[in-house]
Amino acid sequence: MPKPHLALIVALLAAFGVQYFSDRFDPYYLDVLTGIGINVILAVSLNLVNGYTGQFSLGHAGFMSVGAYLSAAVTLFLGPKLFGEDGGTTLQQSGLFLAALMAGGLSAAFAGLLVGVPSLRLKGDYLALVTLGFGEIIRVVFQNVEVLGGALGMNGIPPYTTIFWVLAFVAITVFVVTCLVHSTYGRGFLATRDDEIASEAVGLNTTRYKIVAFVIGAFFAGIAGGLYGHFKLTITPTGFDFTKSIEIVVMVILGGMGNTLGVILAAILLTLLPEVLRPIAEYRMVLYSFLLIVLMLARPQGLFNFKLRKGKA
Amino acid sequence: MSEFLQQLLNGLSLGAIYALIALGYTMVYGVLRFINFAHSDVFMVGSFIGYYMGRLVPHETLWGGLVVLAVAMIGCAILGMTIERLAYRRLRGSPTLNVLITAIGVSLLLEYSGQIFFGAAPRNFPSIFPVRNFEVAGIIVGSNQLIVIAVSVVLMIVLQFIVYRTKIGTAMRAVSLNPKAATLMGVNNDVVISFTFGLGSALAAAGGILYALNYPSIDPLMGVMPGLKAFVAAILGGIGNIPGAALGGLILGTVETFVNGSQWSTYKDAIAFAILIIILLFRPAGLLGRFTVEKV
């Protein structure tokens, strides 16, 4: 993409613009847009791991929950101490929220490092299962930590997530992932995906590439978790079980692995689909899963992947 | 000591159920090299067939229970073969990820249509087998536990017989070893794979009914956790390895029961995954699996 920095600045300004005029939108549409934004961050960050680096991770919701819990803990426990009961000025709140998101992202990244270092030695199905296992372990641990609400989860999180933050972080995530993959260093991710043995033979440290991808993916999942927590205002451990991970993986696969634009479109579509199907209430998840199977059978390369596949030997 | 033996017995009967489900995973993995996520929902359908059949036959009779078991096994075998025919066959030879996502789709479809068809509220599973409790050397032995263990052992012996002593079993092993070579030797892969799905699903149905006997509250999402744990059991024993799946199931069930009885009981769902991670890190091929070297 030409001039990615310019595109980022334009996107951030656009986010600010949407925030400025947000009063004029229907709150329902703003909520849907927030949901879409969070899912886009999750899907694009997972795409770095699953799509570009070719490592099948099923534990993205686990990292999301780490980010959600840690950032909620920061705003809930530090907020009143720093700014008193009235909550401080808007600017103070924004600063705290940014710090909370960073804390959430960094702790998720650290969790990603802890999970990634041992498990990325494995391949394919096995890696998928180990990441799934770690995701479930993270959930069970949160269920048992009393300070963080135990099985009931955390309530009364301040509503700091605004449309500006969501859109801004969507822009930053897309920017980082796109620039990283198209950089000289980033070619290593693609090489690791295309042929691990060949990459090792030419001297690439594939393990390091996998871990870097995993940690960056986890970082943005943590950010998305923080945004999610301050948007829903209440988080429970069961909200981050492996069905959530699967939902994100489905977005990546439908978008066409390793195709950022496609993944964004898929995330938008799959967030809108349950909303559009709302009138048929209980049948919507049946239809959703049915569509998933049909799409996989009809367009295995991904719904939005229009590049011609070269025949594999 | 008697408490230890009691827990061991409980663990073994839970482990036998995990083993039955794990066998289905491992056989499908053996012939197709993919994780059949929908297997845990076939398990769920099995116990629901048992629930409805259980209302038709007289309760607490041995023959009634066996009829229920047989009907559920046949029903799920047909279901498993249908799933394979409609969803997986077309994807044969495509990347693992696509098949995996399709399997997840089938799993979600079964769960959500189950919620509409059977209703989302938990139901009470009827006691289809006679219930008695014996006391042997200070430990209480429930007749349900004995039935679970007996049925599992019989089914595993039958399975062992099918796989090693029959023509179709030989074909299954051939396909699992090398599908292309098996075709060249005149094995009809489609038939073998279909049969494998049928067999695995029948075992899952048996597992579903036995599980419901011991934990008599069934709902459309009941398969998720036992399914995941059974898969862990399959990996623990070495995926694709039939005795391994049985061993893995027994170990997992026993460990989980002991954890459940200790002060760490709230962590019981995590323990299976912890075992999974440890085994994959130190012995990725599983306890009884064989290592294969990747060739370029």
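1. Helices α5(B) and α6(B) are roughly perpendicular to each other (a term for angles of 65 to 115 degrees), since their axes cross at roughly 75° and come within 5 Å. Helix α5 of chain B covers residues 143–165 and helix α6 of chain B covers residues 167–177; helices are DSSP runs (H or I) of at least four residues, numbered from the N terminus. Axes are lines fitted to C-alpha atoms over the stretch in contact, with angles from 0 to 180 degrees between N-to-C directions.

2. This is a predicted model, in which local features need pLDDT of at least 70 and side-chain atom pairs pLDDT 80 or more, while totals for chains, interfaces and linings use all residues. Residues are numbered from 1 along each chain as its sequence is written, and chains are lettered from A in the order in which they are written.

3. From α5(B), the helix contact uses B:Ile162, B:Val163, B:Tyr164 and B:Arg165; from α6(B), B:Gly169, B:Met172 and B:Arg173. Contact means C-beta atoms, placed from the backbone, within 7 Å. Four of these residues are nonpolar, one is polar and two are charged (Ala, Val, Leu, Ile, Met, Phe, Trp, Tyr, Cys and Pro count as nonpolar, Asp, Glu, Lys and Arg as charged, the others as polar).

4. Between the chains, 30 residues of chain A meet 31 residues of chain B. On the chain A side, α5(A) gives the most, twelve residues. That side has 22 nonpolar, five polar and three charged residues.

5. Setting aside neighbours within four places in sequence, B:Cys76 touches residues including B:Val42, B:Ile49 and B:Ala204.

Notes:
Helix = DSSP H or I, 4+ residues; strand = E, 2+ residues; numbered from the N terminus. Parallel < 35°, antiparallel > 145°, perpendicular 65-115°, else oblique. Contact = placed C-beta atoms within 7 Å.
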